[in-house]
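Please keep the structure open while you read.

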Amino acid sequence: MYRIGIIGDRESVLGFKAVGLEVFTCDQADEARKILRKIGKEDFAIIYVTEILAEQISEEIDKYKDERIPAIIAIPGKEGPSGSGMRNVSKAVERAVGADILFGGGK
Amino acid sequence: MAERLNVNPTRMNLTALKKRLKTATRGHKLMKDKRDELMKEFLELARENGRLREAVEQRLTGMYQNFSIASAVMSREIMEESLMIPKQGVVLDVGNKNIMSVNVPVFSFETTASDAGDIYPYGYASTSGELDNAISGLTDIFPLLLELAAKEKEVQLIAAELEKTRRRVNALEYVMIPQLQVTIKYIQMKLDENERGNQTRLMKVKDMMIAEAIEERRSNM
């Protein structure tokens with residue numbers, strides 16, 4: 001039995017409560033970091049973070065990168081996709097292959 | 001040119017080094033195979049990951065639009081109140097999948113709502129239709145979101161493993177194996193040189209002994 005969480009600003013994450021996610025609202029990066037640190041130790045298998053926050057706390061997120069669980073996934077917030085989620089994918093390609101050969105230089 | 005290892009040029013070391021070279025070569029071949037296979041797997045996954053993310057981002061944007069319309073029509077209090085207690089829960093199970101000895105999670109989920117109408121955690125009296133749209137849209141996206149999470153984690157984990165394997169292959173290919181080869185060659189040459197030295201010394205000694213014997217014979221006559 002695992003839980004799914006979402007961290008983000010109020011307006012972006014409001015609706016996710018209805019589908020059964022556990023919602024943590026916060027606007028500041030410091031707060032988000034604290035929440036992530038706390039729930040990272042609990043039995044969350046997936047934690048969604050809005051892209052804007054994810055960008056600000058990327059060092060914290062990177063700590064979980066090589067763990068099997070939890071998966072921390074950036075999703076666009078209400079402002080729409082900023083492209084940083086996509087950049088993460090091309091960064092993974094870069095890490096694995098040595099150069100980004102799939103998505104054309106992280107765009 | 002690779003640096004030679006700091007060992008004594010003895011026959012015993014030579015045998016040991018030869019054994020190590022054999023192991024290293026074999027390891028290199030295996031690692032290389034693993035790297036190639038991982039790479040094949042990875043590129044496929046990463047491409048899929050990109051596609052999936054694009055789809056999710058697009059649909060989420062649509063969902064946010066619905067939400068903002070809903071929040072424009074309804075007061076904030078009512079909206080928050082109606083979403084306060086979710087009717088639907090999610091039961092998530094995490095399985096395991098093994099890709100080239102990389103353990104990746106597999107998420108399978110079940111929603112606890114028994115019928116489709118149960119996704120709305122509110123009565124319809126005080127809420128607007130836009131909110132219904134937004135919620136049902138979100139319910140539709142949800143499986144995609146989960147799939148994205150699993151894919152992305154998988155990509156990250158394989159990327160880490162691939163990086164490690166790549167480094168190992170390179171270390172073996174460009175450092176370890178040349179080093180061993182150079183050292184083995186060095187010891188072999190040294191041993192050969194010793195052998196030749198021995199040979200000449202023996203010949204020299206023999207010459208001296210013959211000369212001595214001739215000398216003795218001559219003085220006895």
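1. Start with a loop residue. Leaving aside neighbours within four places in sequence, A:Asp43 is in contact with A:Tyr2 and A:Arg3. Its place is in the loop between helix 2 and strand 3 of chain A. Bear in mind throughout that this is a predicted model.

2. Is A:Asp43 buried or exposed? A:Asp43 has 12 other C-beta atoms within 10 Å, so it is exposed; the cut-off for exposed is 12 or fewer. A:Arg10 lies 33 residues from A:Asp43 along the chain, and the C-alpha atoms of the two are separated by 23 Å.

3. Next, a peptide bond to check. The bond from A:Ile69 to A:Pro70 is cis, with omega near 5°. A:Pro70 sits in the loop between helix 4 (58-62) and strand 4 of chain A.

4. Now the contact between the chains. How many residues does each chain bring? Chain B gives 45 residues and chain A gives 33 residues. On the chain B side, helix 1, strand 1 (90-99), strand 2 (102-111) and helix 3 each supply at least two residues. Helix 3 of chain B gives the most to that side, with 17 residues. The chain B side divides into 29 nonpolar, 10 polar and 6 charged residues.

5. The largest nonpolar core has 49 residues. Those that touch the most other members are A:Ile46, A:Ile47, A:Val49, A:Ile73, B:Leu138 and B:Ala149. From chain A, the elements giving two or more residues are strand 1 (3-8), helix 2 (29-40), strand 3 (44-50), helix 3 (51-56) and strand 4 (71-75). From chain B they are helix 1, strand 1 and helix 3. Helix 3 of chain B provides the largest share of this core, 11 residues. As background, nonpolar side chains in soluble globular proteins tend to be buried together.

6. Which residues does B:Ala149 touch, not counting residues up to four places away in sequence? The partners are A:Ile46, A:Ala71, A:Ile73 and B:Phe107. Another core, of 16 residues, lies apart from the largest one. Among its members are A:Val89, A:Val93, B:Leu38 and B:Ala46.

7. Within chain B, look at helix 1 (residues 11-73) and helix 3 (residues 129-220). They pack at an angle of about 160°, with their axes 4 Å apart. That angle makes helix 1 of chain B roughly antiparallel to helix 3 of chain B, because angles over 145 degrees count that way. The residues of this contact divide into 38 nonpolar, 13 polar and 19 charged.

8. Helix 5 (residues 84-97) of chain A packs on helix 3 of chain B at an angle of about 20°, with the axes 8 Å apart. The two helices are therefore roughly parallel to each other, since the cut-off is under 35 degrees. Their crossing is left-handed. Helix 5 of chain A uses A:Val89, A:Ala92, A:Arg95 and A:Ala96 in this contact. Helix 3 of chain B answers with B:Val155, B:Gln156, B:Ile158, B:Ala159, B:Leu162 and B:Glu163. The residues divide into 7 nonpolar, 1 polar and 2 charged.

9. Helix 5 of chain A also packs with helix 1 of chain B. Here the angle is about 175° and the axes are 10 Å apart. These helices are therefore roughly antiparallel to each other. From helix 5 of chain A come A:Gly85, A:Met86, A:Val89, A:Ala92, A:Val93 and A:Ala96. From helix 1 of chain B come B:Phe42, B:Ala46, B:Asn49, B:Gly50, B:Arg53 and B:Glu57. The count is 7 nonpolar, 3 polar and 2 charged.

10. Phi of B:Met100 is near 50°, a positive value in a residue other than glycine. B:Ser101 is not a glycine either, and its phi is positive at about 65°. B:Met100 has 16 other C-beta atoms within 10 Å and is therefore partly exposed. B:Ser101 counts as exposed, with 8 C-beta neighbours inside 10 Å.

Terms used: Residues numbered from 1 in each chain as written. Chains lettered and ligands numbered in written order. Predicted model: local features only at pLDDT ≥ 70, side-chain atom pairs only at ≥ 80, totals over all residues. Axes fitted to C-alpha atoms, helices over the stretch in contact; angles between N-to-C directions. Parallel < 35°, antiparallel > 145°, perpendicular 65-115°, else oblique. Nonpolar A, V, L, I, M, F, W, Y, C, P; charged D, E, K, R; others polar. Contact = placed C-beta atoms within 7 Å. Core = buried A, V, L, I, M, F, W, Y, C linked by C-beta atoms within 7 Å. Buried ≥ 20, exposed ≤ 12 C-beta atoms within 10 Å, placed from the backbone. Left-handed = near helix turned anticlockwise from the far one by under 90°.
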